[in-house]
Structures are given as C-alpha cells and as structure tokens.
Amino acid sequence: RMNRLLLANEELESFAYSASHDLRAPLRKIGFYTQTIVDSKHAFLDVEVKDWFKRIQTATAQMNSLIESLLNLSMATMNAMSIETVDLSSLASGILEELRSSEPGRAWRFDVQAGLTSKGDRQLLSTALRNLLDNAWKYAQHRDETIIAFGAEKKPEGLVYFVRDNGAGFDMRHAGKLF
C-alpha cells in the first residue's frame, strides 16, 4: 500500500508540473500579444480600449497566480507545512484591493476587521481566503454596490472567521453540500 501511495503521489506531482506548464504557455502568449498591441498601437487606442487591455493583463496575472496556487496546493501533501502567525486582515485587504483594481468602475465597499491573525501555513491560508473573497466578488457583481466583509466572531467553540457579502447567496438547507 505504501509503495502504491508513493507512486500515486509522484504521479500527482508530475501531473501538477505538466499541467502548470501547459496552462502557463497560453497565458504568456496572451500577455505578450496584449503588451505588443498596447506598445505598438498606443497612440491609436482610446482610453476605454486601453482599459480593456489593462484588464486583460490583470486577469492574465491573476490566472497565473491561481495556477501557481494550485501547484503549491497540490504539493502541500509532499512538503511539510510551514506554520507561522499569519496576518489575515492584511492578507484579506491585499486580495480585496486586487479585486477592486480588476474592475475600477465597479461600486464597492469592503470592511476588513483589523488585527486578525491565525497560526497556519501562509500559502494555504492565502489560497483559501482568495477563493472565498473571489466568490464573494463574483456573486455580488450584479448588485449596485458590492459589499464584502471579512472578520471574526467569538463563539463557544472558539474564534470563527467569516466572509460576508451581498451576493446572490444560497439556500442554507444545502450549506453542508458546499464544501
């Protein structure tokens, strides 16, 4: 069993590297051609078109970051976690700022509770928080104003962290099926 598990882990690592390379190649091309158009046709592009190209470049960088996060997550089983104190408030603020800059014309309000920290692996916590905040941003896109809050509440079982938004929501009867 142990040999099969080791072999499966090696195959998973190999797949992760291969998939990462295969996904990044088209992103590099998108980034290259976008930058080439902006550089060579800058004088002919109006402000709106320049903004579109900037958004393409931002989205390409975000996709590259997600690929990197997936690769790191897939390797989490191979590497020992690095447990440290992580400033979750700062992490959430940075992610929300990236989201805000990806859509400059969008009305938004962010409320990040200051001073929230936790012990854990920075990369894994960042990946989890990014996924939650990305979803909040995405599912609140049809509102006049996107409102996202990140904080924590003291509960009998301990400190509970939350992401709240004014997005579409879901039926709480099915909450157990979400994760």
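Which helix gives the largest share of the lining of the second largest pocket? I went looking for that.

**Entry 1: ground rules.** I am reading a predicted model, where local features need pLDDT of at least 70, side-chain atom pairs count only at pLDDT 80 or more, and totals for chains, interfaces and linings use all residues. Residues are numbered from 1 along each chain as its sequence is written, and side-chain values use heavy atoms, with hydrogens and water left out.

**Entry 2: the pocket.** I found that α2 supplies the largest share, six residues. A pocket here is an open set of points on a 1 Å grid over the protein atoms alone, where a 1.4 Å probe fits, with protein on both sides within 12 Å along at least five of seven lines; lining residues have an atom within 4 Å of a point. I noted a volume of about 160 Å³, the space filled by probe spheres set on the points. Among the lining residues I saw R55, M63, L99 and D134. The lining divides into four nonpolar, three polar and three charged residues. Helices are DSSP runs of H or I with at least four residues, and strands are runs of E with at least two.

**Entry 3: the sheet.** Next I looked up an open sheet of three strands, in the order β2-β4-β5 with mixed pairing. Its edge strands are β2 (108–112) and β5 (158–165). I read that β2 and β4 pair in the parallel sense over five bridges; pairing takes at least two DSSP bridges between strands. F110 has I148 in β4 as its bridge partner.

Conventions. Ala, Val, Leu, Ile, Met, Phe, Trp, Tyr, Cys and Pro count as nonpolar, Asp, Glu, Lys and Arg as charged, and the others, Gly among them, as polar.
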